[in-house]
Amino acid sequence: TAKRLAGKTVVVTGASSGIGRSTAAEFARAAAPAGGLRLILTARRIDTLKEIAEELTKELGDKVKVLPVQLDVSDREAVRSFVGNLPEEWRDIDVLVNNAGLVKGVARAPEIAEEDIDVMFATNVTGLVHMTQAILPVFLKRGSDGGAGDIINIGSIAGLDPYPGGSIYCATKAAVRSFTESLRKELINTRVRVIEIDPGQVETEFSVVRFYGDKSKADAVYAGVNPLTPEDIAEVVVFAASRPENVVIANSLIFPQHQG
Ligand code: NDP
(Lines give C-alpha, C1' and ligand atoms only; values in the text may rest on other atoms or scores of the structure.)
Protein backbone atom coordinates (compact mmCIF):
# COMPACT_ATOMS: atom_id res chain seq x y z
CA THR A 1 0.00 0.00 0.00
CA ALA A 2 2.67 2.49 1.04
CA LYS A 3 4.69 1.93 -2.13
CA ARG A 4 1.70 2.48 -4.39
CA LEU A 5 0.88 5.78 -2.67
CA ALA A 6 4.34 7.18 -2.07
CA GLY A 7 5.32 10.19 -4.14
CA LYS A 8 1.75 11.00 -5.12
CA THR A 9 -0.06 14.30 -4.77
CA VAL A 10 -3.54 13.96 -3.27
CA VAL A 11 -6.25 16.64 -3.14
CA VAL A 12 -9.06 16.26 -0.61
CA THR A 13 -12.05 18.62 -0.67
CA GLY A 14 -13.87 19.19 2.61
CA ALA A 15 -10.71 18.23 4.51
CA SER A 16 -11.48 20.40 7.56
CA SER A 17 -13.84 17.89 9.17
CA GLY A 18 -15.25 14.39 9.33
CA ILE A 19 -14.61 11.99 6.46
CA GLY A 20 -12.38 14.41 4.51
CA ARG A 21 -10.16 15.13 7.47
CA SER A 22 -9.76 11.43 8.29
CA THR A 23 -9.15 10.56 4.65
CA ALA A 24 -6.33 13.09 4.43
CA ALA A 25 -4.71 11.69 7.57
CA GLU A 26 -5.14 8.11 6.37
CA PHE A 27 -3.41 8.90 3.05
CA ALA A 28 -0.54 10.55 4.92
CA ARG A 29 -0.09 7.67 7.36
CA ALA A 30 -0.44 4.97 4.70
CA ALA A 31 2.26 6.46 2.45
CA ALA A 32 4.72 7.39 5.20
CA PRO A 33 6.57 4.04 5.43
CA ALA A 34 7.57 4.33 1.75
CA GLY A 35 8.66 7.98 1.89
CA GLY A 36 5.36 9.84 2.03
CA LEU A 37 3.21 11.94 -0.27
CA ARG A 38 1.97 15.47 -0.87
CA LEU A 39 -1.42 16.34 0.54
CA ILE A 40 -3.47 19.36 -0.55
CA LEU A 41 -6.14 20.04 2.05
CA THR A 42 -9.03 22.19 0.87
CA ALA A 43 -12.16 23.58 2.54
CA ARG A 44 -13.57 26.99 3.49
CA ARG A 45 -12.21 26.97 7.07
CA ILE A 46 -8.57 27.70 6.35
CA ASP A 47 -7.58 28.05 10.03
CA THR A 48 -8.75 24.52 10.72
CA LEU A 49 -6.87 23.24 7.67
CA LYS A 50 -3.69 24.92 8.93
CA GLU A 51 -4.10 23.23 12.32
CA ILE A 52 -4.60 19.85 10.65
CA ALA A 53 -1.51 20.44 8.49
CA GLU A 54 0.54 21.25 11.59
CA GLU A 55 -0.71 18.14 13.40
CA LEU A 56 0.14 15.86 10.47
CA THR A 57 3.57 17.40 10.06
CA LYS A 58 4.21 17.01 13.77
CA GLU A 59 3.19 13.35 13.60
CA LEU A 60 4.93 12.36 10.36
CA GLY A 61 7.75 14.89 9.96
CA ASP A 62 9.29 14.85 6.48
CA LYS A 63 7.18 11.79 5.56
CA VAL A 64 4.38 14.13 4.50
CA LYS A 65 4.15 17.51 2.79
CA VAL A 66 0.89 19.32 3.47
CA LEU A 67 -0.54 22.37 1.70
CA PRO A 68 -3.70 23.89 3.17
CA VAL A 69 -5.70 25.84 0.56
CA GLN A 70 -8.90 27.75 1.20
CA LEU A 71 -11.43 26.68 -1.42
CA ASP A 72 -15.19 26.92 -1.62
CA VAL A 73 -16.15 24.29 -4.19
CA SER A 74 -19.29 26.25 -5.04
CA ASP A 75 -17.17 29.23 -6.14
CA ARG A 76 -16.77 28.58 -9.87
CA GLU A 77 -13.94 31.04 -10.41
CA ALA A 78 -11.95 29.77 -7.42
CA VAL A 79 -12.30 26.19 -8.65
CA ARG A 80 -11.38 27.13 -12.21
CA SER A 81 -8.16 28.82 -11.06
CA PHE A 82 -7.36 26.23 -8.37
CA VAL A 83 -4.65 24.24 -10.17
CA GLY A 84 -3.04 27.30 -11.77
CA ASN A 85 -2.78 29.03 -8.39
CA LEU A 86 -0.95 26.13 -6.76
CA PRO A 87 2.82 26.41 -6.39
CA GLU A 88 4.40 24.72 -9.43
CA GLU A 89 5.61 21.62 -7.55
CA TRP A 90 2.07 20.92 -6.27
CA ARG A 91 0.29 20.90 -9.64
CA ASP A 92 1.05 17.32 -10.69
CA ILE A 93 -2.01 15.91 -8.92
CA ASP A 94 -2.56 12.12 -8.87
CA VAL A 95 -5.67 11.69 -6.72
CA LEU A 96 -8.76 13.87 -6.28
CA VAL A 97 -11.11 13.01 -3.42
CA ASN A 98 -14.38 14.86 -4.04
CA ASN A 99 -15.68 14.76 -0.48
CA ALA A 100 -17.04 18.27 0.28
CA GLY A 101 -20.76 18.02 0.78
CA LEU A 102 -23.63 18.80 3.09
CA VAL A 103 -27.27 18.36 3.93
CA LYS A 104 -29.41 21.30 5.07
CA GLY A 105 -32.65 20.79 6.94
CA VAL A 106 -35.17 17.99 7.17
CA ALA A 107 -38.30 19.06 5.31
CA ARG A 108 -40.94 17.63 3.04
CA ALA A 109 -40.49 18.73 -0.57
CA PRO A 110 -43.02 21.60 -0.56
CA GLU A 111 -41.36 23.24 2.46
CA ILE A 112 -37.66 23.06 1.57
CA ALA A 113 -36.06 26.50 1.76
CA GLU A 114 -34.88 27.82 -1.60
CA GLU A 115 -31.41 28.64 -0.27
CA ASP A 116 -31.03 25.11 1.12
CA ILE A 117 -31.88 23.63 -2.29
CA ASP A 118 -29.33 25.91 -3.92
CA VAL A 119 -26.49 25.26 -1.47
CA MET A 120 -26.93 21.47 -1.59
CA PHE A 121 -26.82 21.34 -5.40
CA ALA A 122 -24.04 23.94 -5.64
CA THR A 123 -21.82 22.02 -3.22
CA ASN A 124 -22.67 18.36 -3.68
CA VAL A 125 -23.19 18.34 -7.45
CA THR A 126 -21.94 21.43 -9.27
CA GLY A 127 -18.95 21.81 -6.97
CA LEU A 128 -17.96 18.18 -7.48
CA VAL A 129 -18.38 18.46 -11.25
CA HIS A 130 -16.32 21.65 -11.43
CA MET A 131 -13.54 20.18 -9.29
CA THR A 132 -13.44 17.18 -11.60
CA GLN A 133 -13.29 19.42 -14.67
CA ALA A 134 -10.51 21.46 -13.07
CA ILE A 135 -8.29 18.49 -12.26
CA LEU A 136 -9.04 15.95 -14.99
CA PRO A 137 -6.84 17.75 -17.57
CA VAL A 138 -3.85 17.15 -15.25
CA PHE A 139 -4.62 13.41 -15.30
CA LEU A 140 -5.22 13.27 -19.05
CA LYS A 141 -1.90 14.95 -19.84
CA ARG A 142 0.04 12.36 -17.84
CA GLY A 143 2.04 9.77 -19.79
CA SER A 144 1.64 8.79 -23.41
CA ASP A 145 -1.19 6.27 -23.06
CA GLY A 146 -4.27 8.28 -22.20
CA GLY A 147 -3.34 9.68 -18.80
CA ALA A 148 -3.64 8.38 -15.25
CA GLY A 149 -5.06 9.40 -11.90
CA ASP A 150 -7.84 8.63 -9.44
CA ILE A 151 -11.11 10.48 -8.99
CA ILE A 152 -12.80 9.31 -5.81
CA ASN A 153 -16.29 10.67 -5.24
CA ILE A 154 -18.02 10.44 -1.90
CA GLY A 155 -21.66 9.66 -2.61
CA SER A 156 -24.12 8.31 -0.07
CA ILE A 157 -26.61 5.56 0.58
CA ALA A 158 -29.03 8.49 0.18
CA GLY A 159 -28.33 8.42 -3.56
CA LEU A 160 -29.51 4.82 -3.78
CA ASP A 161 -32.23 4.67 -1.16
CA PRO A 162 -34.01 8.05 -0.91
CA TYR A 163 -35.92 8.85 2.27
CA PRO A 164 -38.80 11.21 3.11
CA GLY A 165 -37.63 14.59 4.35
CA GLY A 166 -34.37 14.36 2.41
CA SER A 167 -35.51 14.65 -1.19
CA ILE A 168 -33.02 17.28 -2.31
CA TYR A 169 -30.00 15.78 -0.53
CA CYS A 170 -30.94 12.35 -1.92
CA ALA A 171 -31.33 13.86 -5.40
CA THR A 172 -27.86 15.45 -5.17
CA LYS A 173 -26.30 12.12 -4.25
CA ALA A 174 -28.20 10.32 -7.03
CA ALA A 175 -26.72 12.94 -9.36
CA VAL A 176 -23.24 12.20 -8.01
CA ARG A 177 -23.79 8.54 -8.76
CA SER A 178 -24.95 9.14 -12.34
CA PHE A 179 -22.14 11.59 -13.01
CA THR A 180 -19.58 9.17 -11.60
CA GLU A 181 -20.86 6.24 -13.68
CA SER A 182 -20.89 8.27 -16.89
CA LEU A 183 -17.41 9.58 -16.23
CA ARG A 184 -16.05 6.10 -15.55
CA LYS A 185 -17.40 4.93 -18.91
CA GLU A 186 -16.06 8.00 -20.71
CA LEU A 187 -12.58 7.34 -19.33
CA ILE A 188 -12.50 3.62 -19.93
CA ASN A 189 -9.68 3.89 -22.50
CA THR A 190 -7.44 5.85 -20.16
CA ARG A 191 -5.69 4.88 -16.95
CA VAL A 192 -7.88 7.26 -14.97
CA ARG A 193 -9.85 5.36 -12.34
CA VAL A 194 -13.24 6.68 -11.29
CA ILE A 195 -14.37 5.42 -7.91
CA GLU A 196 -17.43 6.06 -5.75
CA ILE A 197 -17.60 5.37 -2.05
CA ASP A 198 -21.11 5.49 -0.56
CA PRO A 199 -21.24 5.76 3.23
CA GLY A 200 -24.21 4.97 5.40
CA GLN A 201 -24.47 6.78 8.72
CA VAL A 202 -21.18 8.27 9.91
CA GLU A 203 -20.85 10.43 13.02
CA THR A 204 -19.31 13.76 11.92
CA GLU A 205 -20.35 17.42 11.84
CA PHE A 206 -22.76 16.42 9.08
CA SER A 207 -25.82 16.38 11.36
CA VAL A 208 -24.80 19.62 13.07
CA VAL A 209 -24.82 21.27 9.63
CA ARG A 210 -28.13 19.57 8.78
CA PHE A 211 -29.77 21.09 11.87
CA TYR A 212 -28.25 24.56 11.27
CA GLY A 213 -25.78 24.21 14.15
CA ASP A 214 -28.16 22.70 16.73
CA LYS A 215 -25.82 20.24 18.48
CA SER A 216 -28.52 18.64 20.67
CA LYS A 217 -30.60 17.71 17.60
CA ALA A 218 -27.47 16.35 15.95
CA ASP A 219 -26.54 14.27 19.00
CA ALA A 220 -30.05 12.78 19.07
CA VAL A 221 -29.45 11.32 15.58
CA TYR A 222 -26.65 9.12 16.92
CA ALA A 223 -28.21 8.27 20.31
CA GLY A 224 -28.69 4.55 20.82
CA VAL A 225 -27.05 3.53 17.54
CA ASN A 226 -23.48 2.67 16.67
CA PRO A 227 -22.64 4.76 13.61
CA LEU A 228 -19.50 4.46 11.50
CA THR A 229 -16.51 6.62 12.31
CA PRO A 230 -14.93 8.82 9.63
CA GLU A 231 -11.90 6.49 9.82
CA ASP A 232 -14.07 3.59 8.65
CA ILE A 233 -14.67 5.45 5.39
CA ALA A 234 -11.14 6.86 5.13
CA GLU A 235 -9.68 3.35 5.23
CA VAL A 236 -11.83 2.27 2.27
CA VAL A 237 -10.94 5.39 0.26
CA VAL A 238 -7.22 4.75 0.77
CA PHE A 239 -7.66 1.04 0.06
CA ALA A 240 -9.33 1.88 -3.28
CA ALA A 241 -6.58 4.36 -4.18
CA SER A 242 -3.83 1.89 -3.37
CA ARG A 243 -4.98 -1.09 -5.48
CA PRO A 244 -2.86 -2.12 -8.47
CA GLU A 245 -3.59 0.31 -11.27
CA ASN A 246 -5.83 -2.03 -13.29
CA VAL A 247 -8.11 -2.67 -10.28
CA VAL A 248 -11.10 -0.33 -9.96
CA ILE A 249 -13.29 -0.42 -6.87
CA ALA A 250 -16.12 1.18 -8.83
CA ASN A 251 -18.64 1.36 -5.97
CA SER A 252 -18.46 0.58 -2.33
CA LEU A 253 -21.44 0.85 0.00
CA ILE A 254 -20.48 0.93 3.66
CA PHE A 255 -23.07 0.67 6.43
CA PRO A 256 -23.00 0.49 10.19
CA GLN A 257 -24.44 -2.85 11.27
CA HIS A 258 -27.75 -1.33 12.49
CA GLN A 259 -28.43 0.36 9.17
CA GLY A 260 -27.73 -2.26 6.53
P1 NDP B 1 -18.73 17.16 7.79
O2 NDP B 1 -19.77 18.22 7.95
O3 NDP B 1 -18.02 16.68 8.99
O4 NDP B 1 -17.68 17.60 6.69
C5 NDP B 1 -18.07 18.25 5.51
C6 NDP B 1 -16.85 18.91 4.89
O7 NDP B 1 -17.26 19.55 3.67
C8 NDP B 1 -16.24 19.97 5.78
O9 NDP B 1 -14.84 19.84 5.74
C10 NDP B 1 -16.66 21.28 5.13
O11 NDP B 1 -15.62 22.24 5.31
C12 NDP B 1 -16.74 20.87 3.67
N13 NDP B 1 -17.58 21.75 2.87
C14 NDP B 1 -18.89 22.01 3.00
N15 NDP B 1 -19.27 22.91 2.07
C16 NDP B 1 -18.16 23.21 1.35
C17 NDP B 1 -17.89 24.07 0.26
N18 NDP B 1 -18.86 24.83 -0.30
N19 NDP B 1 -16.64 24.13 -0.23
C20 NDP B 1 -15.66 23.39 0.31
N21 NDP B 1 -15.83 22.56 1.34
C22 NDP B 1 -17.08 22.48 1.85
O23 NDP B 1 -19.50 15.95 7.07
P24 NDP B 1 -19.00 14.50 6.58
O25 NDP B 1 -17.57 14.31 6.79
O26 NDP B 1 -19.95 13.53 7.15
O27 NDP B 1 -19.34 14.64 5.03
C28 NDP B 1 -18.39 14.40 4.01
C29 NDP B 1 -19.10 13.81 2.80
O30 NDP B 1 -19.67 12.56 3.17
C31 NDP B 1 -20.24 14.65 2.25
O32 NDP B 1 -20.20 14.63 0.84
C33 NDP B 1 -21.48 13.92 2.76
O34 NDP B 1 -22.60 14.14 1.94
C35 NDP B 1 -20.99 12.49 2.71
N36 NDP B 1 -21.74 11.54 3.53
C37 NDP B 1 -21.82 11.69 4.89
C38 NDP B 1 -22.54 10.78 5.65
C39 NDP B 1 -22.68 10.90 7.13
O40 NDP B 1 -23.52 10.18 7.71
N41 NDP B 1 -21.90 11.73 7.80
C42 NDP B 1 -23.24 9.65 5.01
C43 NDP B 1 -23.06 9.58 3.58
C44 NDP B 1 -22.34 10.49 2.88
P45 NDP B 1 -15.80 23.81 5.50
O46 NDP B 1 -17.06 24.01 6.30
O47 NDP B 1 -14.54 24.21 6.20
O48 NDP B 1 -15.88 24.34 4.11
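This is a predicted model: local features need pLDDT of at least 70, side-chain atom pairs count only at pLDDT 80 or more; totals for chains, interfaces and linings use all residues.
Which elements each supply at least two residues of the lining of the second largest pocket? Hello, and thanks for having me.

In total, 28 residues surround the ligand, and the closest are Ser 16, Ser 17, Arg 44, Tyr 169 and Thr 204. If you sort that shell by class, you get 11 nonpolar, 12 polar and 5 charged residues.

Now for a few contacts you can look up on the screen. At Gly 14, a polar backbone atom is 3.0 Å from an oxygen atom of the ligand. With Arg 45 the side chain is involved: one of its N or O atoms is 2.9 Å from an oxygen atom of the ligand. And how much of the ligand's accessible area does the protein cover? On its own the ligand has 880 Å² of accessible area, and the protein covers 96% of that.

The largest pocket has a volume of about 1000 Å³. It is lined by 45 residues, and those closest to its centre are Gly 101, Leu 102, Tyr 169, Thr 204 and Phe 206.

α2, β2 (37–43), α6 (114–141), α7, α8 (206–210) and α9 (215–222) each supply at least two residues, and α8 gives the most, with 4. By class, the lining of the largest pocket has 19 nonpolar, 18 polar and 8 charged residues.

That brings us to the second largest pocket, and to my opening question. The answer is β5 (148–154) and β6 (191–199), with β5 giving the most, 3 residues. This pocket has a volume of about 220 Å³. Of its 14 lining residues, Lys 8, Ala 148, Gly 149, Asp 150 and Glu 245 lie nearest the centre. Its lining divides into 4 nonpolar, 1 polar and 9 charged residues.

Note on methods:
Residues are numbered from 1 along each chain as its sequence is written. Side-chain values use heavy atoms; hydrogens and water are left out. A residue is near a molecule or strand if one of its heavy atoms lies within 4 Å of it. A polar contact is a pair of N or O atoms within 3.5 Å; within protein, one must be able to donate a hydrogen and the other to accept it, and residues adjacent in sequence count only if both atoms are side-chain atoms. Accessible areas come from the Shrake-Rupley method with a 1.4 Å probe; for residues, only the protein chains shown count as cover. Ala, Val, Leu, Ile, Met, Phe, Trp, Tyr, Cys and Pro count as nonpolar, Asp, Glu, Lys and Arg as charged, and the others, Gly among them, as polar. On a 1 Å grid over the protein atoms alone, a cavity is a set of points where a 1.4 Å probe fits but cannot get out, and a pocket is an open set with protein on both sides within 12 Å along at least five of seven lines; lining residues have an atom within 4 Å of a point. Grid points are joined across faces, edges and corners, and a volume is the space filled by probe spheres set on the points.
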